[in-house]
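My notes follow the structure.

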Amino acid sequence: MSGIDPAVARRVRLLGLDVDGVLTDNGVFIGPVAGARVELKRFDIQDGLGLILLRTAGLPVVWLSGRASEATALRAAELRVEELLQVPGPRKLAAFDELLMRRGIGWEEVAFVGDDLADLPVLRRVGLPIAVANAVPDVKAAASYVTRASGGHGAVREVIELLLRARGDWPNILERYFAQAEKAEKAGMKERIPL
């Protein structure tokens, strides 16, 4: 599994991502702060830039998490993720199916990245199933591609780069990304690009 087939990559119209174990390292810090429950997660900055590059390419991203988390919602909002679905693991397939029907996208036009058993029903339906390096064996077996990087450590960036390169979009996307950054800088925009 050395890459992503260009014909399959060109067919992709949406990238779906599990959150815990894919966008994070699967760790969750929970504890009290000033008497309130606080949950913290670690997200990878390279993944964040990858998501910005994918948005520059015009490909929508949907996060599909098996558990509700304010930390996940905050990160998704910061990165301007098109849609965040936080549903119980067994409901992932139905929630994703509803989303695809609403958007008019077929299962064969979706790439999805997962790591654990709750992701299997979705991975078995999509056109491009992908597992992260730290995925459980059943998920790796269902995948067309297994990343070299682990979840929360650049796996999403790896997938995005491979996808954009396979589609032949990588040089153009980099050029557009740097042009947008230069334009924002010249305009004196103080808002930084989220990573």
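**Helix H3 and the sheet**

I found that H3 lies across S4 and S5 and runs at about 170° to S5 (axes are lines fitted to C-alpha atoms, for helices over the stretch in contact, with angles from 0 to 180 degrees between N-to-C directions; contact means heavy atoms within 4.5 Å). Helices (H or I, at least four residues) and strands (E, at least two) are DSSP runs, numbered from the N terminus.

I noted that this is a predicted model, in which local features need pLDDT of at least 70 and side-chain atom pairs pLDDT 80 or more, while totals for chains, interfaces and linings use all residues. Residues are numbered from 1 along each chain as its sequence is written, and side-chain values use heavy atoms, without hydrogens and water.

I looked up the sheet: six strands form an open, parallel sheet in the order S5-S4-S1-S6-S7-S8, with S5 and S8 (145-146) as edge strands that each pair on one side only. Strands pair if DSSP finds at least two bridges between them; S4 and S5 have four, in the parallel sense. Val62 stands opposite Glu83 in S5.

I then asked which residues of H3 (70-78) are buried. They are Ala71, Thr72, Arg75 and Ala76 (buried is under 20% relative accessible area, exposed over 50%, with a 1.4 Å probe and protein chains only). Seen down the axis of H3, they fall within an arc of 130°, so they line one face of the helix (the arc is that of the directions from the axis to the C-beta atoms). Their cover includes S3 (36-40), H2 (45-56), S4 (61-65) and S5 (83-86). The face turned away carries the exposed Glu70, Leu74 and Ala77.
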